[in-house]
Amino acid sequence: MAKQYDVAVIGAGAAGMMCAAVAAQRGKRVVLIDHAEKLAEKIRISGGGRCNFTNVNTAPANFLSENPHFCKSALSRYTAQDFVALVKKHRIGYHEKHRGQLFCNDSAEQIIQMLKAECADGDVTWRMPTKVVSIDKTDDGFMVLTDTGDIVADSVVIATGGLSIPKIGATDFGYRIAEQFGLKMVDPRPGLVPLTFDGPTWEAFVPLAGIALEVEVETGSNKGKGNKRGFFKEDLLFTHRGLSGPAILQISSYWQPGTPIIINLLPEMDVAEVLIEGKGTLKKQLGNVLSQWLPARLAEGLLAANGLAPDARLADMPDAKLRKLGDAVNRWAIVPTGSEGYRKAEVTLGGIDTRELSQQTMMATKVPGLYFIGEAVDVTGWLGGYNFQWAWSSGYVAGQSV
Ligand code: FDA
């Protein structure tokens with residue numbers, strides 16, 4: 001005999017636990033299903049083990065989507081401040097690290113325990129580890145077949161996340177269910193991911209692995225629909241295979257394959273102007289001049305990439321060459337070969353097309369009773385606690401509606 005519930009939530013990650021707790025505390029009979037052995041691994045490893053659980057400055061502008069307005073309703077109904085109130089209620093110590101990012105003082109495990117306790121408050125039934133075999137619409141709800149017994153539910157909430165980090169259980173389950181019910185998708189791709197480079201133009205930069213500096217980085221343009229242009233001022237890190245660090249993770253979500261990213265390695269200075277004006281007064285050799293402002297190995301790499309010797313004399317350089325060098329520092333345009341992919345990506349861009357969902361409830365307008373929340377949906381936040389806030393907000397509004 002199939003077990004009867006009001007709501008079956010599939011995926012006990014950030015969004016799924018929030019949704020299950022909210023629905024159950026409204027008196028709904030909720031079953032929460034996950035295929036993983038270990039609960040909420042992504043929360044556990046997040047924020048370097050301390051979970052950057054929200055950002056106090058969360059606004060719709062911090063999210064990418066083909067429909068940038070979609071996230072507004074959920075974000076305004078369950079705000080960063082609402083989540084902070086929950087964290088305080090559970091007496092979890094936290095601190096602000098950088099630009100509104102809130103982290104646990106001790107451990108991400110506290111956020112998992114908090115969500116578990118909220119689920120227990122509403123008597124959520126757990127099914128974990130459990131594999132979902134199929135979901136079918138019936139006359140008055142859904143039939144969910146699983147390897148631990150069948151479930152009949154009035155509503156089904158898909159909270160199975162995106163494709164990032166398959167090693168800890170990410171699957172395309174949500175996308176397959178969307179396809180089964182005829183819902184459109186925005187093609188998924190890795191976001192918040194290191195970018196890779198190769199070829200002769202990159203050779204000069206390979207030895208720079210480990211160098212970090214604050215830069216401005218941009219890509220794209222605002223032509224067309226959605227938010228296409230990204231601009232960030234953050235730290236950049238040279239790696240063995242390319243570029244990483246917060247600046248690159250942020251810009252990777254806006255980057256389109258085949259197009260350049262443009263990096264300003266010295267945002268506070270117009271390098272061409274200073275070099276041309278300083279011909280008579282600055283130190284004599286180009287390498288020495290540049291390494292006053294940039295890490296010495298980076299200065300050498302830039303000169304090599306531009307065919308200039310570090311001991312070339314500044315006074316002898318034609319202005320045109322100095323302008324070119326200035327551009328190489330202030331507008332370094334490079335085309336990534338690719339990215340480190342889902343293996344390293346913190347999030348998955350794209351997902352269930354928001355035009356298929358109600359922005360008030362996250363329910364599929366064509367399939368009453370079927371909801372999609374969290375990262376499975378085409379709403380992706382910047383680095384800095386925004387992705388968890390989306391999981392909490394979308395989970396909350398669905399939990400209020402089921
Ligand atoms: P989430 O991935 O949390 O949960 C999905 C659940 O569904 C999992 O428990 C999975 O096992 C389950 N599942 C998948 N397929 C299934 C199937 N077929 N059957 C049953 N269950 C299935 N964000 C942020 O705001 N601050 C941060 O500090 C970080 N840090 C961070 C670090 C790293 C290394 C990563 C990879 C990601 C982050 N993120 C982050 C992003 C954040 O973790 C992510 O956006 C949210 O966890 C998304 O929440 P969801 O609930 O949508 O998916």
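Is Glu 218 buried, partly exposed or exposed? In this predicted model, Glu 218 is partly exposed because its relative accessible area is 22%, and buried residues are those under 20%. The partner of Glu 218 in a salt bridge is Arg 229, with 3.3 Å between the closest N and O atoms.

The protein chain comprises 402 residues, of which 53% count as buried. Its secondary structure consists of 13 helices and 21 strands. The C-alpha trace spans about 85 × 45 × 35 Å along its principal axes. Among contacts between residues at least 6 apart in sequence, 72% join residues at least 24 apart.

Two domains are assigned. Domain 1 is made up of residues 3–189 + 346–401, and domain 2 of residues 195–339. The centres of the two domains, taken over C-alpha atoms, are separated by 39 Å. At their interface, twelve residues of domain 1 are in contact with 16 residues of domain 2. The area buried between domain 1 and domain 2 is about 1100 Å², and 42% of this area is on carbon and sulfur atoms. Six residue pairs are found in polar contact across the interface, both residues of each pair being at pLDDT 80 or more.

One salt bridge is counted between domain 1 and domain 2. Arg 99 and Glu 234 meet through their side chains in a salt bridge, at an N to O distance of 3.4 Å. Arg 99 counts as partly exposed, since its relative accessibility is 42%, whereas Glu 234 is buried because its relative accessible area is 8%.

The whole structure contains 16 salt bridges. Strand β14 also holds Lys 233, which lies 35 residues from Glu 268 in the loop between β16 (261–264) and α9 (271–277). The side chains of Lys 233 and Glu 268 meet in a salt bridge at 2.8 Å, N to O. Glu 268 is exposed, with a relative accessible area of 66%, while Lys 233 counts as partly exposed at 27%. A further set of residues, Lys 38, Glu 41, Arg 44 and Glu 109, is joined into one network by salt bridges that share partners.

In soluble globular proteins, nonpolar side chains tend to be buried together. The largest nonpolar core of the model contains 82 residues, and the members that touch the most others are Ile 43 and Ile 111. Helix α1 (residues 14–25) contributes ten residues, the largest share of this core. Residues up to four places away in sequence being left out, Ile 43 touches Gly 13, Ala 14, Met 17, Cys 51, Ala 108, Ile 111, Ile 112, Leu 115, Phe 388 and Trp 392. Another core, of 43 residues, lies apart from the largest one and includes Phe 197, Val 215, Leu 265 and Leu 325.

Leu 298 is located in helix α11 (residues 296–305). Leu 298 counts as buried because its relative accessibility is 0%. Beyond its neighbours within four places in sequence, Leu 298 is in contact with Leu 208, Ile 211, Leu 213, Phe 238 and Leu 265. Leu 298 and Ile 211 are 87 residues apart along the chain, yet their C-alpha atoms are separated by 7.8 Å.

Asn 387 is part of helix α13 (residues 386–401). Its side chain reaches the backbone nitrogen of Gly 381 at 2.7 Å. With neighbours within four places in sequence set aside, the contacts of Asn 387 are Leu 192, Val 347, Thr 380, Gly 381 and Trp 382.

Methods: Residues are numbered from 1 along each chain as its sequence is written. This is a predicted model: local features need pLDDT of at least 70, side-chain atom pairs count only at pLDDT 80 or more; totals for chains, interfaces and linings use all residues. Side-chain values use heavy atoms; hydrogens and water are left out. A nonpolar core is a set of buried Ala, Val, Leu, Ile, Met, Phe, Trp, Tyr and Cys residues joined through side-chain atoms within 4.5 Å. Buried means under 20% relative accessible area, exposed over 50%, partly exposed in between (1.4 Å probe, protein chains only). Helices (H or I, at least four residues) and strands (E, at least two) are DSSP runs, numbered from the N terminus. Contact means heavy atoms within 4.5 Å. Domain bounds come from an automatic or database domain assignment. Buried area is the accessible area (1.4 Å probe) that two parts lose on being put together, summed over both. A salt bridge is a side-chain nitrogen of Lys or Arg within 4 Å of a carboxyl oxygen of Asp or Glu. A polar contact is a pair of N or O atoms within 3.5 Å; within protein, one must be able to donate a hydrogen and the other to accept it, and residues adjacent in sequence count only if both atoms are side-chain atoms.
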